[in-house]
Amino acid sequence: MLQDWVVVVVSFAYLGVLFAIAYWADRRADGGRSVIASPTVYALSLAVYCTTWTFYGSVGRAAATGIGFLPIYLGPTLTLALGWFVMRKMVRVAKANRITSIADFVASRYGKSQLLGGLVTVIAVIGVIPYIALQLKAVSNSFTILISYPEIVMPAKGGTAPLLQDSAFYVAIILAVFTILFGTRHMDATERHEGMVAAIAFESVVKLLAFFVVGIFVTYGIYDGFVDVFDRAQASARLTSLMTTRDSAASYGSWAALTFLSMLSVLLLPRQFQIAVVENVDESHVRRAVWLFPLYLFLINIFVLPIAIGGLLRFPAGVDADTFVLTLPMAHHEQTITLLAFIGGLSAATGMVIVETIALSTMVCNDLVMPALLRMRVRALHARHDLSGLLLGIRRWAIGILVLLGYVYFRAAGEAYALVSIGLMSFAAVAQFAPAVIGGLYWKGGTRGGALAGLLAGFVVWIYTLLLPSFAKSGWLPVEFMTGGLFGIDVLRPQQLFGLQGLDEITHCLLWSLLANIGAYLGVSLARMPNAGEASQATLFVDAKERDSVAAWRGGAAVAELLPLASRFLGPDRAREAFERHARDRGLARVDDLPADARLAQFAEGLLAGAIGSASARVMIASLVQEEPLGLDEVMDILDEASQVRAHSRELEEKSLELEQATAELRAANAQLRELDRMKDDFISTVSHELRTPLTSIRAFSEMLLEDPDIGLDERKRFLGIVVAEAGRLSRLINQILDMARLESGRAEWTTESVDLPAVVGASVESLGQMFRDKGVEVSVDLPAGPITVFADRDRLTQVMINLLSNAQKFVPDDGGCVAVAVRRTGNSVLVAVDDNGPGIAAEDRELVFEKFRQGGNVLTDKPHGTGLGLPISRQIIEYFGGRLWVESAPGQGAKFQFMLPIHDDGAPTT
Amino acid sequence: MMRSRLVAQRLAALFLLGCLLFNYPLLALFNRDIEVLGIPLLYAYVFGAWLALIVLMALAVERGGRP
């Protein structure tokens, strides 16, 4: 059954099925019913991680080192646990920035640098070529073994067969042609390949099923279950060592190193980035992948050990353990299972080669060839209207050359290594992207220079410690290079660099290359501040939230310019369609209605980025957009605003609030002070005015007496009387001012005691009796029978009473003046009223009379009757003792000054 | 948002747990030539811990993350 032609036909039939699936998925996507819009398909497509390395190589590795094949799958499990953070963020950033590959990602992060994109592409291409070689080796070996059925013959050493008789050569050509047909059927603006993803998910199912069938056959068909397999292994002296791992620091160290390496690779391999990030249709798909992809890895590894043990038990040392998956069914003449195993291996290889070379060809085209063509201003580029054909051509050539380079490496060095060792070289190469990518996602300080230096340093160390030794081992370089070091310098021995021994070559390379890489990345990045472009991209990547990207264009370009540009790269129909969609999104009927604004430029850039990469798209659009230059200061301002100020804003807000309160308080205090100042000025001017009036009359009359000796005695007496009266008024005034000042400043002396208020009132009236009698004023006093005690200063109360009484006396008419004094108890207080029949006080003056130097009546016409301080002082005194003083009056009805004081109940009975 | 943060924290914790389980020194404890139910201890341990970790990860994202 397993003749050559059967194997070939089945292989091509399988490739045909892949085509059909891709075609069907593309059709469904065009119809709006995408197959890959499913988290399960996403998780399955991630299993492109499992290549022939897993399918054939894991068994080989297990046969050599026991459990040593597992770190490669434990690492991705751990990464997926972090996938919730890292992968989702990468997806979000990539979508927002229209990232098309890992080279694009790095270039875009560090200021859209074409140089960086190119460097990443070169590293990826050189680093991944051994990995492609691995697939070619596995497929061609499996084919060679299969067609010699039923004999089990190990294939001849690679590179020994003539080119045209080397099956690997044909495998390479078929894979290249298939990938070209498959992956570059048309130019997609978003660089997404629905059909490819669907086919890859299908391949993941196929290879898992195939491996399961072989595993179940070996475990339960040949042997009697897991326990039986392990029992037999224990019984064989050759195999007991596989049951444990070497218990040494180096062994655990390399275990940890491989785990770490695979953690990085599952994110950074170009094909993983393509599937996990670029082809991701929905960020939420990551949720299921977090556990489904590790579960896939778990399942595909369950039967590795039984197959390895079975192979070791069954075959002599001559059979390569990397082929056990195929040779064990063969040895038992299970043709169907054998063919299925071959298809599983083919599926693993094609999946890897398709995605890897498509991802790499995108990078080569967008980040290497196009920038170079643009830079050289190739005339053809400007002459041709539709460049989409050129882009496709570049990619096709890139795919062909990549697979061919894989074949060349296979011829050169492939046979010196087992499958896994070849793959690990590629892992170590792509691990060099880790500082730039992971650092770029979480650290804003990384600069273009730092990323360049880090990548270069790490890559050079990788070449020196891993790639060149692989050439040396296969005889392409002199062996002295390995044993004696470069130029015979012993410390430069590539796999014991600087004398570091005891590590396996992968751990050794990883240690030195990442040391150099991270060191250079950090060192150079920290040498200077990120410039404006780097800083703005850093913000987009590090602060990626669920929001639209910032409109980075600060000018616009017209549809008339942008549409032809896009047409040249996407093809006229596709470009026109995209622009029409954009116009509809913005609510415009026609494409020509689109304004020449930054948003249109942004849209066009995104569109182009899908076709030629973000760095090239930037350059193309920049040539059209009349952009206002974005100054460093402006960018720094924006960044400051966005990051630093926001971080402190809460704090600042609190502080400014406090400050505002303090300011308000200060302002109030200041206003009060100013008011007081004004009042003091008023007071002083009033006081000096009041003092001058009596002084003037004293002076005038004194001068008259002095200058005129002829004044008669009567006149003289009258004048002297005036002088004495005015002098008295002056001293009274001064006393009252002092008194007032003391009261106001709180420095007045009080002798507080229990005072019988009616007695005080009576005594006051008594003391002024003569004055009233002189003016002919009738005074009536109405006092209660018993004593009413208040707590106050007797002299001060007397002062108040005299004040009120003399005021009343002043204002009553000369003829028929009448003053009534009454003391009454009202509840808990006592009310004293001094009633007169004078002119009364107008309503508006009733409060004014209690102000300093203010008197009732017309100030301009009426002669002043007192100092103007009596009432204010009285009010102060009464208020000091907890009472109040007020006046009730109406013009022409007389005035009634009353004060009220709380009764001091000292236990004495009152009636 | 709160729940999603909880999911993130659980996954971060599981990541650390995985780093611990699959490395020296815990790994060395199981690196013995003994069998558990006929399976070598080291394999039983690594595969068992691996599966447990995957189950926990599945529980963390699928049950905790629904808003």
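Colleague: What should I know about the numbering and the model?

Modeller: Residues are numbered from 1 along each chain as its sequence is written, and chains are lettered from A and ligands numbered from 1 in the order written. The model is predicted: local features need pLDDT of at least 70, side-chain atom pairs count only at pLDDT 80 or more, and totals for chains, interfaces and linings use all residues.

Colleague: How many helices and strands does chain A have?

Modeller: Both are DSSP runs, numbered from the N terminus: helices are H or I of at least four residues, strands E of at least two. Chain A has 34 helices and nine strands.

Colleague: Which residues of helix α20 of chain A are buried?

Modeller: Buried means 20 or more other C-beta atoms within 10 Å of the residue's own, with C-beta atoms placed from the backbone. In α20(A), residues 434-442, they are A:Ala434, A:Pro435, A:Ala436, A:Val437, A:Gly439 and A:Gly440. Their cover includes α6, α11, α21, α23 and α24 of chain A.

Colleague: Which strands pair with β7(A)?

Modeller: Strands pair if DSSP finds at least two bridges between them. β6(A) runs antiparallel to β7(A), joined by eight bridges. A:Val821 stands opposite A:Val834 in β7(A). These two strands form a hairpin with two residues between them. In the turn, A:Gly827 has a positive phi of about 65°. β9(A) also pairs with β7(A), antiparallel, over seven bridges. There A:Asp835 faces A:Lys896 in β9(A).

Colleague: Which residues form the covered face of β7(A)?

Modeller: A:Val830, A:Val832, A:Val834 and A:Asp836. The uncovered face has A:Ser829, A:Leu831, A:Ala833 and A:Asp835.

Key: Buried ≥ 20, exposed ≤ 12 C-beta atoms within 10 Å, placed from the backbone. Contact = placed C-beta atoms within 7 Å.
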